[in-house]
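Take a look at the structure below.

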Amino acid sequence: APLAERWNRRLERRVLEWADVILCTTEPARERLLDTLPDFSPDRIVTVPNGYDSEDFRGLHPRPRWPQDGRPVMLHAGSVYGRRDPSAFLQALLLRHAEAPGRCPRAVFLGNWDEQTLARTRALLEPAREAGLVTLLPAVPRRESLEIQAAADWLILLGDSMPEMLQVPGKLFEYLAMRKPVFSLFPEGAPVEPYLAAYARRHRSAAPDDAQSILASLRSLESGAAAAAGR
C-alpha cells in the first residue's frame, strides 16, 4: 500500500543512516543504493559477494529421499515464496512428460512453500505429483539438506522475472561447491550468468516465466548424460 511503502522507505533510510558500512552482495544492488541515496558517501556502501565455506561440504554422504527409477532428479533447495514462481517450470515438466514419460526428469523441492504459491500453482502441482513428477520435501537442517542435494543429478536455481535482477542467490555458490549441473531459471542477462559460465560443471538456462523455453531445455537433457554429469 502507498502509505506503508512511504513508511518503509523512511525506516529503511534511518537504519542505513545509522550504519557505518552498508554491505551489498552484488554490484548492481550497490549501484541502485547509490542512486537512491546520492548524499551517502560511496565508501560507505561496499560489495561483498556471497560464497561458501568449503568445510561445510567435506564428508557429505548422498541421501536420496525419492524413489530411484533411472530418471534424472532435478532438485530445488530452499523456500518457494513471493516472486519465485515455479508455475512455468511445472507446466514445462507436464508437457515433457506427455512427450516422453520415460525420459522426463523427476523434480524435488526441498523446503517450505508459502500459502500463496501453493494456491497459485495447485492446478499444475497436483497433476504433477499424481504423475510422480514432483516430490515436495519439508525443510531440514542444513547438513541434511546438503546431503540430499548431493544425491540429485541437477540442481535448480529458481529466480524471478523481475527486470531489476539485483541478486545473486547464496544458493548458487552452494550449488557450485557441489560441482553439480545447474538448471538456471533466471531471465537472460541475469547476474548469475557469468558465475555459471565460469564455474558451473554444466548448466542449462531458461527464463523463469517461459514454459516453452524451459521445455526446450528439458528436451536437451538426456537421462544418461544428466546422471553421469551429476555423479
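In this predicted model, the axes of H3 and H4 come within 9 Å and cross at roughly 35 degrees. The crossing of H3 and H4 is left-handed.

Which residues make the contact? From H3 come Ser-87, Leu-90, Gln-91 and Leu-94. H4 brings Thr-121, Leu-124, Leu-125, Pro-127 and Ala-128. Sorted by class, the H3 and H4 contact holds six nonpolar residues, three polar ones and no charged ones.

Now follow H4 itself. This helix spans residues 115-130 and has a kink of about 75 degrees, centred on Arg-122. Thr-117, Thr-121, Leu-125 and Ala-128 of H4 are buried. An α-helix has 3.6 residues a turn, so residues three or four places apart point the same way. What do the buried residues of H4 pack against? Their partners are helix H3 (87-99) and strand S5 (134-137). After H4 comes Gly-132, with a positive phi near 75 degrees.

Next, the cysteines. A disulfide is a covalent bond between the sulfur atoms of two cysteines. How many disulfides does a search of the whole structure find? The count is zero.

| Residue | Relative accessible area | State |
|---|---|---|
| Cys-24 | 6% | buried |
| Cys-104 | 0% | buried |

Cys-24 counts as buried because its relative accessible area, 6%, is under 20%. Cys-104, at 0%, is buried too.

Notes: Residues are numbered from 1 along each chain as its sequence is written. This is a predicted model: local features need pLDDT of at least 70, side-chain atom pairs count only at pLDDT 80 or more; totals for chains, interfaces and linings use all residues. Side-chain values use heavy atoms; hydrogens and water are left out. The bend at a residue is the angle between axes fitted to the seven residues ending there and the seven starting there. Helices (H or I, at least four residues) and strands (E, at least two) are DSSP runs, numbered from the N terminus. Buried means under 20% relative accessible area, exposed over 50%, partly exposed in between (1.4 Å probe, protein chains only). Contact means heavy atoms within 4.5 Å. A disulfide is a pair of cysteine sulfur atoms within 2.5 Å. Axes are lines fitted to C-alpha atoms, for helices over the stretch in contact, and angles run from 0 to 180 degrees between N-to-C directions. A crossing is left-handed if the near helix is turned anticlockwise from the far one by less than a right angle, and right-handed if clockwise. Ala, Val, Leu, Ile, Met, Phe, Trp, Tyr, Cys and Pro count as nonpolar, Asp, Glu, Lys and Arg as charged, and the others, Gly among them, as polar.
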